[in-house]
Amino acid sequence: MQYTRLGNSGLVVSRLAFGAMTFGSGDIPAIYKVGEENARAMVDRALAAGINFFDTADAYAGGESERMLGRILGERRKDVVIATKVGMRTGKDLLHTGLSRRHILASAEASLKRLGTDYIDLYIVHRFDPHTPLEETLEALDQLVRRGLVRYVGYSNWSAWQAAKAVGLQERHGWARFITAQMYYSLVGRDLEHEVLPFVQDAGIGTMIWSPLASGFLSGKYTRESLKDQNNRLSGFDFLPFDKEAGFRLIETMRPIADAHKASVAQVALAWLLAKPGVSTLLLGASKPHQLEDNLGALNVHLSTEELRQLDEQSPHAAYYPTWFTKVVSDQATDKALGTAPAA
């Protein structure tokens with residue numbers, strides 16, 4: 001296993017983390033489908049492989065993901081880092097959602113009970129709440145840290161400007177500072193590269209990458225014909241927007257690279273992310289033990305500079321303003337002389 005500090009904090013986490021979103025059952029059967037026996041087997045395997053980082057959320061399977069993870073870890077809880085999240089709807093009433101002080105404080109206490117622990121290592125706001133003043137959200141998070149209920153705080157699914165504004169407020173008021181951004185990033189979803197990754201690297205914030213295999217599409221197991229098969233995950237939860245046809249062409253490029261490394265297509269997709277600057281840890285969201293086993297093998301795949309370049313070129317991505325403008329007008333001679341030229 002490989003380990004890293006999460007952002008500029010002293011928190012040491014494994015570069016592969018285990019995501020417990022699939023634990024339990026609920027209203028999204030394509031996602032919430034792992035019973036306790038399979039969940040226990042995967043947690044045990046993750047721990048044996050050196051994973052010390054486990055992620056869940058209060059909204060997953062109506063809270064059952066937190067309960068199951070807490071039961072399975074048991075006394076081993078002291079040896080791991082647990083991240084959970086707040087902000088998604090957890091009940092029908094209007095009060096059971098968002099990032100108000102009331103909801104954050106109540107949700108943290110409820111998560112502690114479900115997890116069977118007296119502190120949360122990393123508490124993450126799951127989404128941006130446009131209806132609550134940002135100061136209220138950040139002060140509530142700081143209050144949890146000061147009470148000792150939470151050790152570190154982070155955010156998920158925020159834009160770069162939202163996170164930058166929050167960090168400025170945290171620094172101004174002396175509030176607990178974000179140490180991580182949990183964000184979507186994959187070979188078929190590279191939006192993060194334009195604004196978010198440059199920001200978090202500059203701000204000293206680590207990244208936790210969710211859905212690094214794009215809901216399983218980058219496992220290579222799907223075909224154009226099987227996408228609508230009712231038994232596969234994508235037919236029941238096609239959440240991520242990306243060009244499927246471009247994705248299939250990319251997988252055709254990935255297969256010979258995988259064969260050259262005696263690896264799977266999924267391992268190549270994960271290895272590409274592990275090689276990206278600014279990526280701290282990848283969340284593995286397996287629903288079966290053999291999937292987890294395969295994902296763990298990504299640490300043994302070391303892609304060459306040429307293979308990384310080939311994947312960069314073949315993966316679907318677009319140039320956004322002002323990113324493309326900055327690149328076009330950059331003074332390359334000055335950058336080269338100062339040693340600050342961007343990587344090719």
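Predicted model: local features only at pLDDT ≥ 70, side-chain atom pairs only at ≥ 80, totals over all residues.
Take helix H1, residues 36-48, and helix H10, residues 289-296. Their axes come within 9 Å and cross at roughly 20°. That angle falls under the cut-off of 35 degrees, so H1 and H10 are roughly parallel to each other. The crossing of this pair is right-handed. Which residues make the contact? From H1 there are Asn38, Met42, Arg45 and Ala46, and they meet Pro289, Leu292, Glu293 and Leu296 of H10. Sorted by class, the contact of H1 with H10 holds 5 nonpolar, 1 polar and 2 charged residues. As background, an α-helix has 3.6 residues a turn, so residues three or four places apart point the same way.

Now the second pair. Helix H3 covers residues 101-115 and helix H4 covers residues 134-146; their axes come within 9 Å, with a crossing of roughly 30°. That makes H3 roughly parallel to H4. The crossing of H3 and H4 is right-handed. On the H3 side the contact is made by Arg101, Ile104, Leu105 and Ala108, and on the H4 side by Glu136, Thr137, Glu139, Ala140, Leu141, Gln143 and Leu144. By class, the contact of H3 with H4 comes to 6 nonpolar, 2 polar and 3 charged residues.

Next is helix H9, residues 265-274. How many of its residues are buried? The count is 10 of the 10, so H9 is largely enclosed by the rest of the structure. Among the buried residues are Val265, Gln267, Trp272 and Leu274. What do they pack against?

Last, a single residue. Serine 14 sits in strand E2, residues 12-14. Is serine 14 buried or exposed? Its relative accessible area is 0%, and buried means under 20%, so serine 14 is buried. Leaving aside residues up to four places away in sequence, serine 14 touches Met1, Gln2, Tyr3, Gly50, Ile51, Asn52, Phe53 and Thr281. Threonine 117 is 103 residues from serine 14 along the chain, and the C-alpha atoms of the two are separated by 21 Å.

Conventions. Residues numbered from 1 in each chain as written. Heavy atoms only, no water. Axes fitted to C-alpha atoms, helices over the stretch in contact; angles between N-to-C directions. Helix = DSSP H or I, 4+ residues; strand = E, 2+ residues; numbered from the N terminus. Parallel < 35°, antiparallel > 145°, perpendicular 65-115°, else oblique. Left-handed = near helix turned anticlockwise from the far one by under 90°. Contact = heavy atoms within 4.5 Å. Nonpolar A, V, L, I, M, F, W, Y, C, P; charged D, E, K, R; others polar. Buried < 20%, exposed > 50% of the residue type's maximum accessible area, 1.4 Å probe, protein only.
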